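Hi,

Here is the structure I said I would pass on. Have a look at it first, and then read on for what turned up.

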Amino acid sequence: MPAPALLLPLALLATVLGGSPAAAVSAVLLLAAPLALWGTWRFLRVAGRLVSVRGAPRWLLLWGSVTYALVR
């Protein structure tokens, strides 16, 4: 049975963080919410421009992004 695909990136991150797998897992968990927020913000900006030429209001982008990042 082959190794999971996430093993290589996790091993590389652990190597960069001093050879600690626990530090690599902690870094992934700590960065998951900010990365989800950033990605959702970008997605909603594009989706907002499909609906209106001016795009969606910033408060709506922020609300949607924060909600997704916290639920995720």
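A residue is called buried here if its relative accessible area is under 20%, and exposed if that area is over 50%, with partly exposed in between. On that basis, buried residues come to 15% of the 72 residues in the protein chain. Please keep in mind that this is a predicted model.

Now the overall picture. The protein chain has 3 helices and 0 strands, so its pattern along the sequence reads α-α-α. Its radius of gyration is 17 Å, whereas a compact globule of 72 residues would have one near 11 Å. Along the principal axes, the C-alpha atoms fill a box of roughly 50 × 25 × 20 Å. As for contacts between residues at least 6 apart in sequence, 31% of them join residues at least 24 apart.

Next, the helix packing. Helix H1 (residues 7-16) packs against helix H2 (residues 21-51) at an angle of about 110°, and their axes are 8 Å apart. Angles of 65 to 115 degrees count as roughly perpendicular, which is why H1 is described that way relative to H2. On the H1 side, Leu10, Leu13 and Ala14 make the contact, and H2 brings in Pro21, Ala24, Val25, Ala27 and Val28. What kinds of residues are these? The contact of H1 with H2 has 8 nonpolar residues, no polar ones and no charged ones.

Ala23 is in helix H2. With 28% relative accessibility, Ala23 counts as partly exposed.

Is Ser65 buried or exposed? Its relative accessible area is 0%, so Ser65 is buried. A polar atom of the Ser65 side chain lies 2.8 Å from the backbone oxygen of Leu61. Setting aside neighbours within four places in sequence, Ser65 is in contact with Leu37, Thr40, Trp41 and Leu44.

That's the lot from my side.

Cheers

Notes. Residues are numbered from 1 along each chain as its sequence is written. This is a predicted model: local features need pLDDT of at least 70, side-chain atom pairs count only at pLDDT 80 or more; totals for chains, interfaces and linings use all residues. Side-chain values use heavy atoms; hydrogens and water are left out. Axes are lines fitted to C-alpha atoms, for helices over the stretch in contact, and angles run from 0 to 180 degrees between N-to-C directions. Helices (H or I, at least four residues) and strands (E, at least two) are DSSP runs, numbered from the N terminus. Angles under 35 degrees count as roughly parallel, over 145 as roughly antiparallel, 65 to 115 as roughly perpendicular and the rest as oblique. Contact means heavy atoms within 4.5 Å. Ala, Val, Leu, Ile, Met, Phe, Trp, Tyr, Cys and Pro count as nonpolar, Asp, Glu, Lys and Arg as charged, and the others, Gly among them, as polar. Buried means under 20% relative accessible area, exposed over 50%, partly exposed in between (1.4 Å probe, protein chains only). A polar contact is a pair of N or O atoms within 3.5 Å; within protein, one must be able to donate a hydrogen and the other to accept it, and residues adjacent in sequence count only if both atoms are side-chain atoms. The radius of gyration is taken over C-alpha atoms; the globule rule is 2.2 Å times the number of residues to the power 0.38.
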